[in-house]
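Here's a quick tour of a protein model for you. Keep the picture open while you read, and try to find each piece as it comes up.

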Amino acid sequence: MISLCGLAVCPLNLSDYGNKFLMMACATIPCHVRASFSADVPSLPADPTSHKLPRQRQCSIPSSFSIEAHNLSFNISRHNKFVPILKNCSLQVPPGQLWMLLGPNGCGKSTLLKILAGVLHPSDGTVNVNRPNSFVFQNPDHQVVMPTVEADVAFGLGKFSLGSDEVRCRVAKALEAVGMIEYLQSPVQTLSGGQKQRVAIAGALAEACKVLLLDELTTFLDENDQMGVINAVKKCVRGPEQVAALWVTHRLEELKYADGAVYMEDGRVIMQGDIASVSHFLNRTCKFYI
């Protein structure tokens, strides 16, 4: 039992909460521990006859990018056949910027994001993502689990040796950053979907995350909540901490809020660059975007 902000909080127990919280635990525990988790869907090496699963390789060369991946591939076994999901994907996201990762349904966007988060291990390729980093779920109910906003944002700080004053300070600063400080004592069940997403983002900021990996945050939100979440993320990346954010989306209208974009089709990165270039490309090929 730990005490955060004067609240008695039990650490997350996967056996109590079920498998839906496995990914949350992987995304929030330290990276060196997270690497020991296996993916729910096993990845296969490039040679399907081999029985050794590859480890995710972290690039040791210093980089000016907060998120960097080179030649990532991810394969699964389906009906005893070798099925490629990602095919030689490469991307780069600089610090202090919001980039969108978009493409048709089933093109591999969420799989690529989970590899960057360390939830899945690639079959091949290298990954370098600044630490600490945080994966924010599409459905906030899978991540926002404590009874009040204050307790939920403080929850992840239980793994650090922080005094109660420091915890309160971090919680307040994070909630201020996402425009939710007035909801500090509010019960979580009274929040809208967009407000819960902002609480989830605040939890990552409280842990001083350098990278936000965001999985289709606005899918279930109305327009007001959608803009609230977008503005919260933009405020984070514009701050002095130089947070980088990669946001998976299928909504083309969200492109205008980003600094850059990566477009995928059929498990491949087709194009990446500034918004004007990617938008021009999509305008010429939009009939294929479903």
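Among contacts in the protein chain between residues at least 6 apart in sequence, what percentage join residues at least 24 apart? It's 73%, where contact means heavy atoms within 4.5 Å. This is a predicted model, so to speak of local features a pLDDT of at least 70 is needed, side-chain atom pairs count only at pLDDT 80 or more, and totals for chains, interfaces and linings use all residues. Residues are numbered from 1 along each chain as its sequence is written, and side-chain values use heavy atoms, leaving out hydrogens and water.

**The whole chain**

- The protein chain has 9 helices and 12 strands; these are DSSP runs numbered from the N terminus, with H or I over at least four residues for helices and E over at least two for strands.
- Of its 290 residues, 50% count as buried, meaning under 20% relative accessible area, while exposed is over 50% and partly exposed is in between (1.4 Å probe, protein chains only).
- The chain exposes about 13500 Å², and carbon and sulfur atoms supply 53% of that; the areas come from the Shrake-Rupley method with a 1.4 Å probe, and for residues only the protein chains shown count as cover.

**The sheet**

- Look for an open sheet of 6 strands in the order β8-β9-β10-β6-β11-β12, with mixed pairing; two strands pair if DSSP finds at least two bridges between them.
- At the edges sit β8 (133–136) and β12 (268–274), each pairing on one side only.
- From one strand to the next, the twist averages 15°; axes are lines fitted to C-alpha atoms (for helices, over the stretch in contact), and angles run from 0 to 180 degrees between N-to-C directions.
- Helix α7 (residues 193–206) packs on this sheet and touches β8 and β9, with its direction at about 165° to that of β8.
- Helix α9 (residues 275–285) lies across β6 (98–102), β11 (260–265) and β12, and runs at about 130° to β12.

- On the β8 side, 4 bridges join β8 to β9 in a parallel arrangement, and S134 stands opposite L212.
- On the β10 side, 5 bridges join β9 to β10 (residues 244–249), also running parallel; here L212 stands opposite A245, and D215 stands opposite V248.

**Strand β11 and its neighbours**

- 5 of the 6 residues of β11 are buried, so this strand too is largely enclosed by the rest of the structure.
- β6 and β11 pair in the parallel sense over 4 bridges, with A261 as the bridge partner of M100.
- β11 and β12 run antiparallel and are joined by 6 bridges; A261 stands opposite G273 in β12.
- These two strands, β11 and β12, form a hairpin with 2 residues between them, and D266 in the turn has a positive phi of about 50°.

**The nonpolar cores**

- The largest nonpolar core has 46 residues, and L98, M100, V153, V178, I201, L214 and W247 touch the most other members; such a core is a set of buried Ala, Val, Leu, Ile, Met, Phe, Trp, Tyr and Cys residues joined through side-chain atoms within 4.5 Å.
- Helix α7 gives the most to this core, with 7 residues.
- A second, separate core of 30 residues includes F74, V211, L246 and V248.

**Helix α4**

- 7 of the 9 residues of α4 (residues 109–117) are buried, so the helix is largely enclosed by the rest of the structure.
- Among the buried ones are K109, T111 and L112.
- G118 follows α4 and has a positive phi, near 85°.

**A closer look at T218**

- You'll find T218 in the loop between β9 (211–215) and α8 (223–237).
- Is T218 buried or exposed? At 2% relative accessibility, T218 counts as buried.
- Its side chain makes a polar contact with the side chain of E254 (2.5 Å); a polar contact is a pair of N or O atoms within 3.5 Å, where within protein one must be able to donate a hydrogen and the other to accept it, and residues adjacent in sequence count only if both atoms are side-chain atoms.
- Not counting residues up to four places away in sequence, T218 touches Q226, W247, R251 and E254.
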